[in-house]
Amino acid sequence: ITFGVTVTKLELKPGEGWELSWESFGDNSSSASSGCANFENIIVASGIFAEGRIPEIPGLATFPGQVLHSEAYKSPEDFAGKKILVVGAAFSGADIAADLSRKAKSVTVSARRPMWYVPRYVMGRPADLVFYSRAGAARSEGKSEAERDRGKHAFLGSVIESVGGYPDGLLAPLADRDQAYVALTDDFLPAVRDGKVEVKAAGLIAVNDSEAELSDGSKLDVDVIMFATGFKPRVSFFSKDVLEILEYDAEDWLQPLLLHECVWQPKLPGLAFAGLYRGPYFSIMELQARWACGVFSGRLPHPSAEDMIAGLEA
């Protein structure tokens, strides 16, 4: 394992495998070095959380206060006494809003869509083990998508009721209208319930001087606007030709690369991906990594070209 290096280029060399180039800056720029090496197989596991995404908002560039993405957040002490607008209320936005409420003068969250805010442990077990199981999948067999969605909402609603229900002012998702989006957070609901965090079911549409305008018509005088609005992947080490084969789209939040099972591209032999998608992460990424390692070690068969092409077209 080599630390402190940045991959600058990953290029397919016919008959030679993949040539990987890198730069290393050590502890200071004066000790910069570079190098390259060839590998028969490469697994790209750089993830999709490489670069914070801040949407274009009219007037944001002239906001006199502080604008930052949630990736830069470190401590609530840095925002003591400030009036803060957090844009986005999924995993990071919910947790950061609750954390900020311990020191900030006020915290308002702009949440465009209702979500289920679920604690990290459900019925004494880690939430992902409760949500994703073979038993749960078996119970869903034969049911329509609408029936599965209603079942998800009913289950998540029962989880929320077990921890005190939703506080006034926070909209719960509706089974016949909303998708069952989930954010894992232990402190968000108590912070809203205690009045430490205010939630607006509206998006940020404009900024006028120090005033933030939301889509429900409300206007907030704030010192800080923090965006918890997701991330983009960064795969700039690939050439334009490879990116075209991958049909790379940095704005596609769900699947920025077109791959068979989010792992393989038949036109790029010796290359596999792990974690370059959006969805349930850790268990799926582990399975992707095991699959790629099994194939490259010869322990598992490589997917056939026909299967991969069919997977891309599905």
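A32 is partly exposed, with a relative accessible area of 41%; on this scale buried means under 20%, exposed over 50% and partly exposed in between, using a 1.4 Å probe and protein chains only. A32 sits in the loop between β2 (17–24) and β3 (33–39). Keep in mind that this is a predicted model, where local features need pLDDT of at least 70, side-chain atom pairs count only at pLDDT 80 or more, and totals for chains, interfaces and linings use all residues. Residues are numbered from 1 along each chain as its sequence is written, and side-chain values use heavy atoms, with hydrogens and water left out.

- Leaving aside residues up to four places away in sequence, A32 touches S24 and F25, where a contact means heavy atoms within 4.5 Å.
- A32 and V5 are 27 residues apart in sequence, and their C-alpha atoms are 9.9 Å apart in space.
- P280 belongs to the loop between β19 (271–273) and α7 (282–297).
- P280 is partly exposed too, at a relative accessible area of 35%.
- From P280 to F131 the sequence separation is 149 residues, while the C-alpha to C-alpha distance is 9.9 Å.

**The whole protein**

- The protein has eight helices and 19 strands; these are DSSP runs numbered from the N terminus, with helices being H or I of at least four residues and strands E of at least two.
- Its C-alpha trace spans about 65 × 60 × 35 Å along the principal axes.
- Of the 314 residues in the protein, 38% are buried.
- Take the contacts between residues at least 6 apart in sequence: 60% of them join residues at least 24 apart.

**The five-stranded sheet**

- This open sheet runs in the order β6-β17-β7-β8-β13, with parallel pairing; two strands pair if DSSP finds at least two bridges between them.
- The edges are β6 (66–69) and β13 (198–200), and each of these pairs on one side only.
- From one strand to the next, the twist averages 20°, with axes fitted as lines to C-alpha atoms (for helices, over the stretch in contact) and angles running from 0 to 180 degrees between N-to-C directions.
- Helix α1 (residues 91–100) packs on the sheet and touches β7 (83–87), β8 and β17 (224–227), and its direction makes about 170° with that of β7.
- β7 and β8 run parallel and are joined by five bridges, with V86 standing opposite V109 in β8.
- On to the next pair: β8 (residues 106–110) and β13 are parallel and share three bridges, and S110 stands opposite K200 in β13.
- Why is β8 largely enclosed by the rest of the structure? Because four of its five residues are buried.

**The three-stranded sheet**

- Here the order is β14-β15-β16, an open sheet with antiparallel pairing.
- β14 (204–208) and β16 (219–221) are at the edges with a single partner strand each, so one side of each has no neighbour in the sheet.
- Ignoring direction, neighbouring strands of this sheet are turned by 25° against each other on average.

**Nonpolar cores**

- The largest nonpolar core has 36 residues, and those with the most contacts inside it are F79, L100, V109, Y117, F188, V197 and V199; a nonpolar core is a set of buried Ala, Val, Leu, Ile, Met, Phe, Trp, Tyr and Cys residues joined through side-chain atoms within 4.5 Å.
- Elements that each supply at least two residues of this core include β7, β8, β9 (116–118), α2 (127–131) and α4 (145–162).
- The most comes from α1, which gives five residues to this core.
- Another core lies apart from it, with 17 residues, among them L20, V242, L246 and L268.
- Not counting residues up to four places away in sequence, F79 touches Q66, L68, Y73, I84, L100, K103, A104, V224 and M226.

**The second largest pocket**

- Lining the second largest pocket are 14 residues, with V7, V44, A45, S46 and F237 nearest its centre.
- β1 (5–13) and β4 (42–44) are the elements that give two or more residues to the lining of the second largest pocket.
- A pocket here is an open set of points on a 1 Å grid over the protein atoms alone, where a 1.4 Å probe fits, with protein on both sides within 12 Å along at least five of seven lines; lining residues have an atom within 4 Å of a point.
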